[in-house]
2 protein chains.
Amino acid sequence: MGVKERRARQKKYLRQEILDAASELFVREGYENVSMRRIADKIEYSPTTIYIYFKDKADLLEQVCKETFARLVQRLTKIMEQPGEPVERLKRGLIAYIEFGLENPHHYRATFMMPIPDGLDHEKYHQADSPGMQAFSFLTRGLTDCIKAGKMHATNVELAAQTLWAGIHGIISLLITQNTFPWVGREKVIHSTVHTLVAGLVR
Amino acid sequence: MGVKERRARQKKYLRQEILDAASELFVREGYENVSMRRIADKIEYSPTTIYIYFKDKADLLEQVCKETFARLVQRLTKIMEQPGEPVERLKRGLIAYIEFGLENPHHYRATFMMPIPDGLDHEKYHQADSPGMQAFSFLTRGLTDCIKAGKMHATNVELAAQTLWAGIHGIISLLITQNTFPWVGREKVIHSTVHTLVAGLVR
DNA sequence: CTCATTTACTTAACATCGTTAATCGTACTC
DNA sequence: GAGTACGATTAACGATGTTAAGTAAATGAG
């Protein structure tokens, strides 16, 4: 009886269709401008159907972001596998992270610039296998590589990684929300941020 | 005929009352959890009355944030007036900015972590007299002080200020939204960020 | 084949939101 | 005292996220 399997396959298919529709709307408009009804319209189902596949709107968009951040992890993996000078490699990773954030401003905003829903999720969030945390772990890995190569003093690696994260998150989120600010130049300020952070850590 | 003046005074008084009520709710709940109706309830007026004094919800909360950021400007002014070593003074300013952001997470989020409403505000925002920009100008001032004192190379000051802003904004916004993340310690990571940025710029 | 159960989905509705139009009442002007 | 300007209100619109109840078809057992 492959009937169970077929049904499961169909469910999975619709689930993905919802994710895709939500993602597309989400990319064009922001989180708050995407309504459940519009997503439902797009896939030509009733709005309540979505609630069979996802707990609520927050859950749905969390899954959407998860998909997107998985692509970031792929990109970072590729960079980290490349040989060469570790500090340069770390810098390339930072730049890639920043570019990713600017390419996917709505996803980035949803995952890192939204208040974490108060509740008991204190542990559910920030699990090691979540794409966000995987991306973060690249920082610590890149840093330890630098230390091993003697390019950096072996201070608190975790602290350094968090400092680095703060820095690149800062430039991403500012460029996203304050895009009418008279920046001295996007590329320039991105490069300056990365350079300043790394220089400050190597010392 | 002081009648016109009295009316104006009354208007101003109610306007301030609305601002205060909105601010108090705003501090406790987030932007999205404060409704016009609840603000109206608090001051015991009808919801539509608010629209006589403020264009819409965004306008009202913008004014609330303006008030709050004016306090930050005061604080920064006090710090910048103090004598002493300019790099240390700059650092104290950065710390004060970060502390302010963490003390007023909702106001900070509303002004710097929200998508700028698309429209023609491209110039209205980022006016030099807005408290946000005034606060930013402290960075350039602090940096030029350092350069004058020979503590820093005279590279592009504007670029350095924007880099600094990105960095401190990063740690503020991350600590606000990702407060369940296993930080190595709030104070530690704040200090590390400031130190790294300044060290990276002085080089 | 028949009947009961499960399953996927929809319709209807609730509470709440920001906001506008129409209206009311009163304090002012003349 | 009549007319007016203005502050505030009531009622309503359209839209939101979400839940409860209902429907119709596919599935399983006898």
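Author: A crossing is left-handed if the near helix is turned anticlockwise from the far one by less than a right angle, and right-handed if clockwise. In this predicted model, local features need pLDDT of at least 70, side-chain atom pairs count only at pLDDT 80 or more, and totals for chains, interfaces and linings use all residues. Residues are numbered from 1 along each chain as its sequence is written.

Reader: Which crossing does helix 4 of chain B make as it passes helix 7 of chain B?

Author: The crossing is left-handed.

Reader: What makes helix 4 of chain B roughly parallel to helix 7 of chain B?

Author: The axes of helix 4 (residues 57-81) and helix 7 (residues 131-148) of chain B come within 8 Å and cross at roughly 20°. Angles under 35 degrees count as roughly parallel, so these two helices of chain B are called that.

Reader: Which residues make the contact between helix 4 and helix 7 of chain B?

Author: Contact means heavy atoms within 4.5 Å. Among the residues involved are B:Phe69, B:Leu72 and B:Leu76 of helix 4 of chain B, and B:Ala135 and B:Phe138 of helix 7 of chain B.

Reader: Why is the relation of chain A to chain B that of a two-fold axis?

Author: Chain A can be laid on chain B by a turn of 180° and a shift of 0.0 Å along the axis, with an RMSD of 0.1 Å. That is the relation of a two-fold axis.

Reader: How do you know that the copies meet through the same surface?

Author: Of the interface residues of chain A, 100% are also interface residues in chain B, so the surface is the same. The contact takes 43 residues from chain A and 43 residues from chain B.

Methods:
Chains are lettered from A and ligands numbered from 1 in the order in which they are written. Side-chain values use heavy atoms; hydrogens and water are left out. Axes are lines fitted to C-alpha atoms, for helices over the stretch in contact, and angles run from 0 to 180 degrees between N-to-C directions. Helices (H or I, at least four residues) and strands (E, at least two) are DSSP runs, numbered from the N terminus. Angles under 35 degrees count as roughly parallel, over 145 as roughly antiparallel, 65 to 115 as roughly perpendicular and the rest as oblique. Copies are superposed by least squares on the C-alpha atoms of residues with pLDDT of at least 70 in both.
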